[in-house]
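Good morning, and thank you for joining. I would like to speak briefly about charged side chains; please look at the model as we proceed.

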Amino acid sequence: MRRSPTGIPAALAAAAAALLLLAGCSSDGGPSGTGGSAASAPPAKGTVDVVRTVATKLRSPWGLAALPGGDLLVGSRDSGKIVRIAARDGRQSELGTVPGVSHTEEGGLLGLALSPGYADDHLLYAYFTTDSDNRIARMRVDERQPEGRRLGAPDTILRGIPKGVIHNGGRIAFGPDRMLYAGTGESGRRALSEDKSSLGGKILRMTPDGRPAPGNPEAGSVICTFGHRNVQGLAWDTDKRLWASEFGQDTWDEINLIEPGHDYGWPVVEGKAGRPGYTDPVEQWRPADASPSGLAYAKGSLWMAGLRGQRLWRIPVAGGKPTGAPQDFLRSRYGRLRSVLATDDGGLWLTTSNTDGRGEPSRDDDRLLLLKVT
């Protein structure tokens, strides 16, 4: 199925606004920022320990997904290849190459996500750049096939996301509501972020086959929120609130608490501005300290990977707000950090990003790391 946002009559818009009070782009069908019981506040200070380096010599890793049983799938932005990495010993085996991927600067094979029913349907979702757009497709994984031929033909569920040399967004994830969320970029064309006829500079929410999800702010549209510059990370806390990390320009990088229908300000404002009509981030950083990419939630905190900042940030949260000052870990120890994913036991998987053309790769780059966090 192929869908894109469309305009709606005023009467339907009013009905959708009323429906938003009862539904919204949240994980459980309720408003995402204020509902639910508050989790107990985590400690103000935490720790990070690198348990081990699981895999080395990955090439331009971007998307990261955990398989049932614990092994990992990692996608190469530049080549379009997806490899399976054994969590036990780091052995790598190639699933295959996603056809149609076009790598230019920040574009290529980006986010990966497993179907909520992967154990039965074996569907892998991918966000990638083509010659004409960014799009989301799903492919069936067949482990019985020979190595390198385990990906089925892609079934495009959403096309028409603007592409550019920069700001292609790319993070996708299934929420606890079993809907698919996607963070997009404005492709370097700032006006697209505020343009509701464009999929650029948005957080999208859709059914697994690419249809607008029930309860979205506008009926017939996959748009959940707008006014974003380049969303790079998506994560849900224990109260099913959605958080997103986002590149700023020259002044402030951001973490936002996502509220359906809200305008997050770009290009009118950057960072905390306190201007009516725009939603401020809950935390902000200078780009030299962050340039955020992946985002995960574990042990009561958000964990944000930094590219230019070359560090992992911990942000303790409870009740929809930070409960302590951000802490940084691993500063300059592993170079640029790209994707972070929670493990089943409350740890983290973390990938480096030094072979992406902007880092300084060592002999072992890029790497997949296993972290213990508190």
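**Salt bridges, buried and exposed**

Arg-205 is buried, with a relative accessibility of 3%; buried here means under 20% relative accessible area, exposed means over 50%, and partly exposed lies in between, with a 1.4 Å probe and protein chains only. This is a predicted model, in which local features need pLDDT of at least 70 and side-chain atom pairs count only at pLDDT 80 or more, while totals for chains, interfaces and linings use all residues. Residues are numbered from 1 along each chain as its sequence is written, and side-chain values use heavy atoms, leaving out hydrogens and water.

Which residue does Arg-205 meet in a salt bridge? The partner is Asp-177, at 3.1 Å from N to O. A salt bridge is a side-chain nitrogen of Lys or Arg within 4 Å of a carboxyl oxygen of Asp or Glu. Arg-205 lies in strand 12 (residues 203-206) and Asp-177 in the loop between strand 10 (172-174) and strand 11 (180-183), so the pair ties together parts that are 28 residues apart in sequence. Strands are DSSP runs of E, at least two residues, numbered from the N terminus. Asp-177 is also buried, at 15% relative accessibility.

Asp-133 and Arg-135 form a salt bridge at 3.0 Å, N to O, and both residues are buried.

Next, Arg-88 and Asp-89 are joined by a salt bridge of 3.4 Å, N to O. Arg-88 is exposed, at 70% relative accessible area, whereas Asp-89 is partly exposed, at 43%.

Across the whole structure, the search finds 20 salt bridges.

Key: Helix = DSSP H or I, 4+ residues; strand = E, 2+ residues; numbered from the N terminus.
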